[in-house]
Amino acid sequence: MKLEIFNRLTPAQAKEELFKCCGSTTWVNLMMQEFPFDSVLKVKETAEKAWLVCKENDFLEAFTHHPKIGEKPSANKTNHSDKWAAQEQSGVDKAQLSLLNELAELNQAYASKYGFIYIVCATGKSAGEMLHLLKERINNSIEKEIAIAAAEQNKITHLRIDKLFS
């Protein structure tokens with residue numbers, strides 16, 4: 001979508017588009033304080049500033065808007081964020097079943113330990129790379145892991161802003 005078209009959306013429609021980029025209500029509301037935007041660069045700068053204002057609950061809310069790594073969105077979902085998640089996680093598409101099973105097991109262990117799903121900016125990463133990172137991160141303290149996951153969410157948000165305006 002072109003920025004000019006985005007800027008002509010109603011506030012409710014603009015919020016819906018921004019939620020495709022990041023599932024935090026606080027983040028979207030902070031973004032809307034600057035709506036309409038002068039440039040895509042301004043969108044990205046605002047996104048960065050808004051994310052830095054967000055707190056742990058905002059991060060946790062955003063995490064709930066992602067499928068687990070290796071999990072396919074349900075067949076009846078056709079929205080942009082589901083399509084984007086599938087593209088971002090395409091590194092698992094050709095992975096061996098044993099690797100996918102290990103990834104699923106560790107995903108479950110991670111969620112049980114931290115109370116949220118494993119968030120990683122999967123774009124350009126193979127299933128093996130994502131599994132390796134998961135193995136490294138599963139021993140972190142919850143505070144450290146929330147900070148890492150929030151940083152990964154921020155990367156994902158910026159990639160999705162690029163997709164929204166491409």
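Before we start, a word on handedness: a crossing counts as left-handed if the near helix is turned anticlockwise from the far one by less than a right angle, and as right-handed if clockwise. The model is a predicted one, where local features need pLDDT of at least 70, side-chain atom pairs count only at pLDDT 80 or more, and totals for chains, interfaces and linings use all residues. Residues are numbered from 1 along each chain as its sequence is written, and side-chain values use heavy atoms, with hydrogens and water left out.

Begin with a cartoon of the whole protein chain. You will find nine helices and zero strands; helices (H or I, at least four residues) and strands (E, at least two) are DSSP runs, numbered from the N terminus. Of the 166 residues, 43% are buried, where buried means under 20% relative accessible area, exposed over 50%, and partly exposed in between (1.4 Å probe, protein chains only). Among contacts (heavy atoms within 4.5 Å) with a separation of 6 or more, 68% join residues 24 or more positions apart.

Next, select the loop between α3 (25–32) and α4, where Pro36 sits. Which way does the peptide bond from Phe35 to Pro36 go, cis or trans? The bond is cis, with omega near 0°. For context, most peptide bonds are trans.

Move on to α4 (residues 40–53) and show it together with α9. Their axes come within 11 Å and cross at roughly 160°; axes here are lines fitted to C-alpha atoms, for helices over the stretch in contact, and angles run from 0 to 180 degrees between N-to-C directions. That makes α4 roughly antiparallel to α9, given that angles under 35 degrees count as roughly parallel, over 145 as roughly antiparallel, 65 to 115 as roughly perpendicular and the rest as oblique. The crossing of α4 and α9 is right-handed. To see the contact, pick Val43, Lys44, Ala47, Glu48 and Trp51 in α4, which meet Ala150, Gln153, Asn154, His158, Ile161 and Asp162 in α9. By class, the α4 and α9 contact has five nonpolar, three polar and three charged residues (Ala, Val, Leu, Ile, Met, Phe, Trp, Tyr, Cys and Pro count as nonpolar, Asp, Glu, Lys and Arg as charged, and the others, Gly among them, as polar).

Now go to α5 (residues 56–63) and highlight Asp58, Phe59, Ala62 and Phe63, which are buried. Looking down the axis of α5, you see them within an arc of 140°, so they line one face of the helix; the arc is that of the directions from the helix axis to the C-beta atoms. Their cover includes α3, α4 and α9.

Then select α8 (residues 127–137). Its buried residues are Ala127, Met130, Leu131, Leu134 and Arg137. They span an arc of only 130° around the axis, which puts them on the same side of α8. Helices α7 and α8 pack at about 30° with axes 10 Å apart, and that makes them roughly parallel. The crossing of α7 and α8 is left-handed.

Last stop: Lys163, in helix α9. Lys163 is partly exposed, with a relative accessible area of 24%.
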